[in-house]
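This report goes through one protein model part by part. Please look at the sequence and the structure before reading on.

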Amino acid sequence: MFKPSHKRPVIEWGFTRFNRMFLKKHFNRILLAAPETVPKENTLFLINHSAWWDPLFIFYLNDQVVHSDGHGMMHEDGLQKFPFFRSIGAFSINNKSRKHLMESLTYSADLLTSGKTVWIFPQGAEQPLEKRPLEFFSGISYIVQKAPHVHVVPVSIYYALEHERKPNAYITIGEPLPQEGYAKLNRKSMTHYFETAATKQLDELRARVIQEDHEVFRPI
């Protein structure tokens, strides 16, 4: 059964503080490259998914950078195990049930239309960081077609073990993708457009990390 988010300010407040300390404890540095302004309303954020840490970084980015009324998809199984995530903005998705899937996608579009942000892993499941192609699912294009005035922003996360015991997390928040590039495409072509843009951004981030080109990043 589809479960919408059910935010509770007290839980959000407590988890925000726990999450800040938890990430700082386990990572040497969290480094961000982003535009001066990131849209905080009517925005669909598309994030690559390679690690258990990714949802925590989504929450951290929204807390430290975006400051939006953010919501995110979470697989039904995970939400059943950890129902408190509904209290911080998670809602369920299960692509094995068409009814559940359509409810989740429609709910996403409704959230965006009402001015909120939605954070999605378009790969659908955790994949190796270096795997190509990223293989986005077409549900993201369904959402965009239902909420055509939404901003679509790719977010790239890359983890690297470098010169310290703890890993570094590198994050790029891209510019909103130009609507004229995808608005008239069919769903399959639109999905490919988003996947190509996200792949390009992630590969550019990877190259910067390998070359130790840190000038564009700031610690958060």
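## Terms and basis

Two strands count as paired if DSSP finds at least two bridges between them. Helices (H or I, at least four residues) and strands (E, at least two) are DSSP runs, numbered from the N terminus.

The model is predicted: local features need pLDDT of at least 70, side-chain atom pairs count only at pLDDT 80 or more, and totals for chains, interfaces and linings use all residues. Residues are numbered from 1 along each chain as its sequence is written, and side-chain values use heavy atoms, with hydrogens and water left out.

## The sheet

Eight strands make an open sheet with mixed pairing, in the order S4-S3-S5-S2-S6-S7-S1-S8. S4 and strand S8 (218-219) are the edge strands, each pairing on one side only.

S2 and S5 run parallel and are joined by four bridges; Leu-44 stands opposite Val-118 in S5. Strand S2 (residues 43-47) also pairs with S6, in the parallel sense over five bridges, and here Leu-46 is opposite Pro-154. The pairing of S6 with strand S7 (residues 168-173) is antiparallel, over six bridges, with Ser-156 opposite Thr-172.

Strand S6 (residues 151-160) is largely enclosed by the rest of the structure, because nine of its 10 residues are buried. Buried means under 20% relative accessible area, with a 1.4 Å probe and protein chains only.

## Helix H4

H4 has 16 residues and reaches 22 Å from its first C-alpha to its last, close to the expected 22 Å at 1.5 Å a residue. The expected span is 1.5 Å times one less than the number of residues.

Among its buried residues are His-100, Leu-101, Ser-104, Leu-105 and Ser-108. An α-helix has 3.6 residues a turn, so residues three or four places apart point the same way. The buried residues of H4 pack against S2, S3, helix H3 (76-81), S4, S5 and H5, where contact means heavy atoms within 4.5 Å. Gly-115 follows H4 and has a positive phi, near 100°.

## The largest pocket

A pocket is an open set of points on a 1 Å grid over the protein atoms alone, where a 1.4 Å probe fits, with protein on both sides within 12 Å along at least five of seven lines. The largest pocket holds about 1400 Å³ of space. It is lined by 46 residues, and Pro-55, Met-73, Met-74, His-75 and Phe-121 are the closest to its centre; a lining residue has an atom within 4 Å of a point.

Elements that each supply at least two lining residues include helix H1 (9-26), helix H2 (54-66) and strand S3 (70-75).

Definitions and conventions:
Buried means under 20% relative accessible area, exposed over 50%, partly exposed in between (1.4 Å probe, protein chains only). Grid points are joined across faces, edges and corners, and a volume is the space filled by probe spheres set on the points.
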